[in-house]
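This report goes through side-chain packing, aromatic pairs and RNA contacts in one protein–RNA model. The sequence and structure come first.

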Amino acid sequence: MDSKVRVRFAPSPTGGLHIGGVRTVLFNYLFAKHHGGEFILRIEDTDQSRFVAGAEQYILDTLNWCGMVPDESPVHHGAYGPYRQSERKHLYKQYADQLIEQGHAYYAFDTAADLEAKRNQIPNFQYSRAHRMEMKNSITLSENEVSDLLKSNTPYVIRIKMPEQENLTFHDLIRGEVSFDTSTVDDKVLLKADGMPTYHLAVVVDDHLMKITHAFRGEEWLPSAPVHILLWKYLFGLDKMPKWAHLPLILKPEGHGKLSKRDGERLGFPVFAMDWMDPNTKEQTIGFKERGFLPEALINLLALLGWNDGTDKEIFSIEELISQFSLERVHKGGAKFDYEKAKWFNQEWIKKTDDATLATLVKPFFDDAQIEVHEPSYLVKVIGLVKDRCHLLTDFITQSSFFFQAPSQIDTAALLPKWDDKKQAFFTALILEYQTMLSKGEAITQASELELHFKNLAATHEIKPGDLMLPLRVMLVGGKFGPGVFDIIQSIELEDAQKRIDHSLKLLSNK
RNA sequence: GGAGCGUUCGACUAAGGGUUAGGUCACCUCCCUUUCACGGAGGUAAUACGGGUUCGAAUCCCGUACGCUCUACCA
């Protein structure tokens, strides 16, 4: 490697960060760290009309949560700032002017209405070689007319003048040789009437100024790559241009097309990394974080959507990803998002995470659900008991709330068909024995002893223990789920168990 | 319409001239579990289509179909 690898993620702060964006960050980050390079966050806020307050902070928060902290950014500083394009506005015009002087760009004075009319008049109108001579610009106007317009402060944009029939070929790190005929690309606007650059100019100028060595972005940018290649050629030289890689898209689970926020709402899964509330519409969008995903799982599943290490290995830590990642193994085709598989990744990461760490992560969800945890070590113990049956951190609530409070609903309907006086008598005797033990201070505290005691009593009553296990479970947890019943009694302790059985007995005898 | 890119089980993918086309998720069966899971053992299921090249093609070439992206003073 001749120079230090420098990559950038360059989002516009227009809303929540879509997992497609997170994966673009991830591939940038993995590549940079794999090569011992730097990862830069640059905010592309050149469109004031689309600016959304809080979106930049949200992006930073997301990167932070994911553990992909930029080396340089608007808040991490660095030698190549500022890192917001709006603060770099003054830098761009000179390059646009340079292009005009070189004859590679021109002024265009057409109004929005002019363009609108032209588009209505000509199907598939393109501001390009075919039609630029019919428009109001510095190619069709005389020098005097142009300077008069400029002097009178007539609004204008600067457009690139796409060359005629030039074959442009560049090497994409993922796709190999990609070529375009320049005459099929229109004369893109480079500098807008408000003096701000468009993406096309800004990305080239900033990548150059920030010494970016590798530029990765979504596949949707491929068709405008020729514009950027040309700009590099005119402004800084092709030998200075970063290596490009256009990443495959993340697609809808069913049907086709790019995954969108709407798909998540429609199909019931998150698309944004974290919760996002649009400050203008007040619309809330759920995130992977709040849905109960571990950042390690999100990273893992995103990495495997379009990349693999060539083996059957699927569970990777970020460190493993950094050491194994290579662009050569990134796919060309898009990948459909599958929420079931996403949950499987999370489950695997829950199993990998130790109980104490899980406890601190689960605690906020318990707080939200208003489940009081008096003893942190008790939560850790409970987590150990139920973690195998949780796909999401939120599952811990349904899987373990009964360890902290009596169930609010008892599924008596599941018991009633097989309920009889013998069982009623057995459970009545059981709570009586529990009460006796408690009053004597001889309460059993081992799950195995509880089981033995239970079975002995069943034998006395001449009932198969198997016929009693399900009723006992439902009485304790409210339904047909949860870990071993005697582990539960052991955890909630005899007094509480006795109360729950008593309560259920009353419900059953009232039916 | 134009341009570019893509296409292996339902989904994510492995195999890059020679494999009974492998793995994972999902689904189904069985075992374990006196619940639900976890775990274990099996099963269903794919090279878009048509031509070449070759002893041999998922793999190389050509064509077709289909899909996607872009085609804004948005990124």
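Predicted model: local features only at pLDDT ≥ 70, side-chain atom pairs only at ≥ 80, totals over all residues.

Residues are numbered from 1 along each chain as its sequence is written, chains are lettered from A and ligands numbered from 1 in the order in which they are written, and side-chain values use heavy atoms, with hydrogens and water left out.

N28 is part of helix 1; helices (H or I, at least four residues) and strands (E, at least two) are DSSP runs numbered from the N terminus. With a relative accessibility of 0%, N28 counts as buried. Buried means under 20% relative accessible area, exposed over 50%, and partly exposed in between (1.4 Å probe, protein chains only). Leaving aside neighbours within four places in sequence, N28 is in contact (heavy atoms within 4.5 Å) with V7, R8, F39 and F216.

N137 is found in the loop between helix 4 (112–121) and helix 5 (143–151). This residue is also buried, at 0% relative accessibility. Its side chain reaches the backbone nitrogen of I139 at 2.9 Å. Not counting residues up to four places away in sequence, N137 touches Y106, Y107, A108, F109, Y127 and R132. From N137 to F109 the C-alpha distance is 5.6 Å, although 28 residues separate them in sequence.

## Aromatic rings

Rings of Phe, Tyr and Trp (its six-membered ring) pair if their centres lie within 6.5 Å; planes under 30 degrees apart count as stacked, over 60 as edge-to-face and the rest as tilted. By this rule there are 28 aromatic pairs. The rings of Y29 and F39 are one of them: their centres are 5.9 Å apart and their planes at 90°, so the pair is edge-to-face. Y29 lies in helix 1 (residues 19–34) and F39 in strand 2 (residues 38–41), so the pair ties together parts that are 10 residues apart in sequence. Y29 counts as buried at 11% relative accessibility, and F39 counts as buried at 0%.

The rings of F402 and F481 also have their centres 5.9 Å apart, with planes at 65°, so this pair is edge-to-face. The pair links distant parts of the chain, 79 residues apart: F402 is in the loop between helix 15 (395–400) and helix 16 (421–440), and F481 in the loop between helix 18 (465–477) and helix 19 (485–492). F402 is buried at 1% relative accessibility, whereas F481 is partly exposed at 31% relative accessible area.

Ring pairs also join F269, F288, F293, F337 and Y339 into a cluster. A charge sits over a ring if NZ of Lys or CZ of Arg is within 6 Å of the ring centre and within 35 degrees of the ring normal. The charged end of R159 sits over the ring of Y127, 3.7 Å from its centre, and that of K352 sits over the ring of W349, 5.0 Å from its centre.

## Nonpolar cores

A nonpolar core is a set of buried Ala, Val, Leu, Ile, Met, Phe, Trp, Tyr and Cys residues joined through side-chain atoms within 4.5 Å. The largest has 115 residues, and F337, F396 and F427 have the most contacts inside it. Helix 1 supplies the largest share of this core, nine residues. Another core, of 41 residues, lies apart from it and includes V146, L190, A215 and W232.

## The RNA strand

RNA strand B is surrounded by 60 residues, the closest being Q126, K192, E314, R389 and G482; a residue is near a strand if one of its heavy atoms lies within 4 Å of it. Of the RNA strand B atoms within 4 Å of the protein, 72% belong to sugar or phosphate and the rest to bases.

| Residue, atom type | RNA strand B atom | Distance |
|---|---|---|
| E219, polar side-chain atom | sugar or linking oxygen | 3.1 Å |
| G306, polar backbone atom | phosphate oxygen | 2.7 Å |
| G482, polar backbone atom | base nitrogen | 2.5 Å |

Elements that give two or more residues to the surface near RNA strand B are strand 4 (157–160), strand 6 (176–181), strand 13 (335–336), helix 12 (339–352) and helix 18. Helix 12 gives the largest share of that surface, five residues.

Conventions. Polar contact = N/O pair within 3.5 Å; in protein donor to acceptor, adjacent residues only side chain to side chain.
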